[in-house]
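Please look through the sequence and the structure shown here before reading on. The notes that follow go topic by topic, and each can be checked against the picture.

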Amino acid sequence: MDFRKLAEEQKHSFLKDLNTIVSVNSVRDEATAGPGKPFGNGPREALDVMLQMAQRDGFTTRNIDGYAGVAEYGDPDNPDTLGILGHLDIVPLGEGWTKEPLKLTEDDGYLFGRGVLDDKGPTLAAYYALKLIREAGIPLKKRVMLVMGCDEESGMECMNYYLSHAEIPKTGFVPDADFPVIYGEKGGAHVLLKSDTPTVIHSMHAGTRPNIVIGKADALTAAATPEQKAFFEFFLRENSLEGTVTDQEDGTLWHLEGTPSHAAWPYKGVNAAVQLLRFIGAAYHDSLAQALGYLSADWTGKNLGIQQDGLYMGMLTQNPGIVNIENGHSEMLLDIRYPNETDGDKLLKQIQEAADRTGAGITAHLESDSKPLFVDPDSELVKTLMDVYRTHTGDTYSPAITIGGGTYARKFDNFVSFGPELPNDAKTTAQFVGGPHQRDEGIRESDLINAIAIYADAIMRLAA
């Protein structure tokens, strides 16, 4: 079966449907949450759109109370199931886009828009793969379930609900990461640093999600002296940063620009809040700002006392994703991705010891802890998907890998992540192409169309 040819024939329809789903602003919105829409209007609208597409194309669908949806193909009484897990929610749009974030833009062979890569585009590619299977009349021994969640970016509450209220597929893959195959994902811990130590900072609120490197930060402090303002200019210049300082009636407002990135790769970004805390700590000799800036400055967690290089999963990473300081109370939320040699409780103990050494009255609290995912790289699932990938790409060099990102695979037994990003991929355009959670999020059109073919072949082999 030439799935690549069939995928190419569906390209026009695929891009039209992709524009429809990308046009939905499906950021979690507590203000509009309610019965049947637990994550707000946007995620529910995206779910409705996808289920309507599936109904249009003749699939059986189920709405799991607005938390997730299912489109399935095969005998409804068949207990042997293959699952594909994708998500329809997105991170906040952010700033600095040169393309329209809520519209599919085709430019120089690339597709742009919030969600085209993470994860509306890959989820739709998996859906079209199942559509190709159905239209070709390929017989399958397993019932295939495409499960689409609505809260992956804000803690996977959708899958927690799904696991206790709906049918759980026995094995499968998640189109929300990289090729070839990801058989392991680092554990994910959220640790909250709290303090009531007095600070010169009157107000500071930075960050929207713990899994995003903070791209900009503002802090209102006591009035600055000319020397402190001059030091700010020096600090910006020496650290290759941009920022502004503005005098106000109630103090001085400091603004600093960073570079957002996914928290799985904090080294690809520049955390504006961390840099601003470091400056304020030095300029005002503020012990709390100094401590928070110091503890969170190193993305490997060295200053937190948690630096570790795992045998399978590589370096631990940490990202301070949200900072709130108001009325003398300070909080910093750390997003930590850790290898399977440690766990959240050990990390908490080490972080508290590091915080105590600063003398700034900081306490550490483990807000959540998601255990690492690890599937045997020699399992039939991994070996089959590796063979599918190699067949369609000709890449016999790239091995199965582990990552720092977290996908739905960690919530289910015998699931791995599978595409759509290619290893060591070289851009074929001069324009900026953003990754997950960045401005101008994009993916090469041919890669997404080829993913349809890869996923179709994977479904056929795993469900045959």
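Two strands are said to pair if DSSP finds at least two bridges between them, and with this in mind one can read that isoleucine 182 stands opposite isoleucine 401 in strand 21. The model discussed here is a predicted one. Strands of a sheet pair through backbone hydrogen bonds, either parallel or antiparallel.

**Strand 9 and its partners**

- Strand 9 pairs with strand 21, which covers residues 401-403, in the parallel sense, and 3 bridges hold this pairing.
- Strand 9 is also joined to strand 20, residues 373-374, by 2 bridges, and here the two strands run antiparallel; in this pairing glutamate 185 stands opposite leucine 373.
- Proline 180 belongs to the loop between strand 8 (177-178) and strand 9 (182-185), and the peptide bond that joins phenylalanine 179 to proline 180 is cis, with omega at about 5 degrees.

- Strand 4 and strand 5 (residues 110-112) run antiparallel and are joined by 3 bridges, and aspartate 107 has tyrosine 110 in strand 5 as its bridge partner.

**Loops beside this sheet**

- Aspartate 119 lies in the loop between strand 5 and helix 4 (120-136), and a cis peptide bond, with omega at about 0 degrees, joins aspartate 118 to aspartate 119.
- Histidine 437 is found in the loop between strand 23 (420-421) and strand 24, and although histidine 437 is not a glycine, it has a positive phi of about 75 degrees.
- Aspartate 440 lies in the loop between strand 23 and strand 24, and this residue, although not a glycine, has a positive phi of about 50 degrees.
- Are histidine 437 and aspartate 440 buried or exposed? Because buried means under 20% relative accessible area, histidine 437 counts as buried at 4%, and aspartate 440 counts as buried at 1%.

**Nonpolar cores**

- Which residues touch the most other members of the largest nonpolar core? They are Phe14, Tyr162, Phe173 and Phe418, in a core of 85 residues.
- Helix 11 (residues 445-463) contributes the largest share of this core, namely 12 residues.
- A second, separate core has 46 residues, among them Leu276, Leu316, Ile325 and Leu347.
- If residues up to four places away in sequence are not counted, tyrosine 162 touches a set of residues including Ile64, Ala68, Val70, Met145, Val147 and Phe412.

**Helix 2 and helix 3**

- The axes of helix 2 (residues 11-22) and helix 3 (residues 41-56) come within 9 Å and cross at roughly 155 degrees.
- Since angles over 145 degrees count as roughly antiparallel, helix 2 is roughly antiparallel to helix 3.
- Where the two helices meet, Asp17, Thr20 and Ile21 in helix 2 face partners in helix 3 that are Ala46, Val49, Met50, Met53 and Arg56.

- Alanine 283 has its place in helix 7 (residues 272-284), and because its relative accessible area is 12%, it is buried.
- Leaving aside neighbours within four places in sequence, alanine 283 is in contact with Gln228 and Phe231.
- Between alanine 283 and aspartate 57 there are 62 Å in space, C-alpha to C-alpha, and the two are 226 residues apart in sequence.
- In helix 8 (residues 287-296), 7 of the 10 residues are buried, so this helix is largely enclosed by the rest of the structure; the buried residues are Leu288, Ala289, Ala291, Leu292, Gly293, Leu295 and Ser296.
- At the start of helix 8, a side-chain oxygen of aspartate 286 comes to within 3.2 Å of the backbone nitrogen of leucine 288.

Methods: Residues are numbered from 1 along each chain as its sequence is written. This is a predicted model: local features need pLDDT of at least 70, side-chain atom pairs count only at pLDDT 80 or more; totals for chains, interfaces and linings use all residues. Side-chain values use heavy atoms; hydrogens and water are left out. Buried means under 20% relative accessible area, exposed over 50%, partly exposed in between (1.4 Å probe, protein chains only). Helices (H or I, at least four residues) and strands (E, at least two) are DSSP runs, numbered from the N terminus. A polar contact is a pair of N or O atoms within 3.5 Å; within protein, one must be able to donate a hydrogen and the other to accept it, and residues adjacent in sequence count only if both atoms are side-chain atoms. A nonpolar core is a set of buried Ala, Val, Leu, Ile, Met, Phe, Trp, Tyr and Cys residues joined through side-chain atoms within 4.5 Å. Contact means heavy atoms within 4.5 Å. Axes are lines fitted to C-alpha atoms, for helices over the stretch in contact, and angles run from 0 to 180 degrees between N-to-C directions. Angles under 35 degrees count as roughly parallel, over 145 as roughly antiparallel, 65 to 115 as roughly perpendicular and the rest as oblique.
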